[in-house]
Amino acid sequence: EVPAEPETPSFTAEQMAQAYLLTMTTEEKLWQLFITKPEAITHVNLATRAGEATKTALEIYPVGGLCYFADNLKEAEQVKIMLSNTQAYAATGLFLCIDEEGGTVSRAGSNPAMEVTAMKAAAEYGAAGDAAVLYADAVKLAQDLTALGYYYGDITGHFGSLDVTFSVRVYDPEQSYAAPHLYLSNAGKAIKPGDYAPMIFG
């Protein structure tokens, strides 16, 4: 008689996270609180690739994540390789981020070579009043960025913050909906469980 295979113990995500934390030093845990530009830890003038400087930097400064801006992004394949290598060098998985609010703040969408969805400014979506269009554009952008290797994208002014403008004296009117609360409510409700929520924050 063939003996039964022993059952593989199952653990929750929280249990696995707690077990991993036990292997980390206090310093490593502190570094995990920070998301910074790659130049801040590699000390290069402009990061457009990930090589030995990135590997060494992540060993010395095991940050929680890195955020990339327009100058870091040349074209889609370059970014895929850069992000893949960066993630491979990290002992703990990184939040690889982009500041992609839409409108004038469009680091990837404004570059045709990046081959991603270009979102309009929040004010334009607010003026149109169609939450379904906003939702579809945001999800498509999230899918595009995920395919490049990003894990976290700042699409503030959209689902993340759902800003409204009550005064012309605001930081950036273009990034606020300036729309009735009902539109904002519908826009927020458009997010469904299981959607690309990690890509959307504010």
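Me: By class, what does the lining of the largest cavity have?
Reply: Seven nonpolar, three polar and one charged residues. Ala, Val, Leu, Ile, Met, Phe, Trp, Tyr, Cys and Pro count as nonpolar, Asp, Glu, Lys and Arg as charged, and the others, Gly among them, as polar. A cavity here is a set of points on a 1 Å grid over the protein atoms alone where a 1.4 Å probe fits but cannot get out, and lining residues have an atom within 4 Å of a point.

Me: Is this predicted or what, and how are residues numbered?
Reply: The model is predicted: local features need pLDDT of at least 70, side-chain atom pairs count only at pLDDT 80 or more, and totals for chains, interfaces and linings use all residues. Numbering runs from 1 along each chain as its sequence is written, and side-chain values use heavy atoms, with hydrogens and water left out.

Me: How much space lies in the largest cavity?
Reply: About 50 Å³, counted as the space filled by probe spheres set on the points, which are joined across faces, edges and corners.

Me: Which element gives the most to its lining?
Reply: α3, with three residues. The residues lining the largest cavity include Pro 38, Arg 49, Tyr 68 and Met 82.

Me: Switching topic: how many cavities of 30 Å³ or more are there?
Reply: Two, from a search of the whole structure.

Note on methods
1 Å grid on protein atoms, 1.4 Å probe; cavity = no way out; pocket = protein on both sides within 12 Å on 5 of 7 lines; lining within 4 Å. Helix = DSSP H or I, 4+ residues; strand = E, 2+ residues; numbered from the N terminus.
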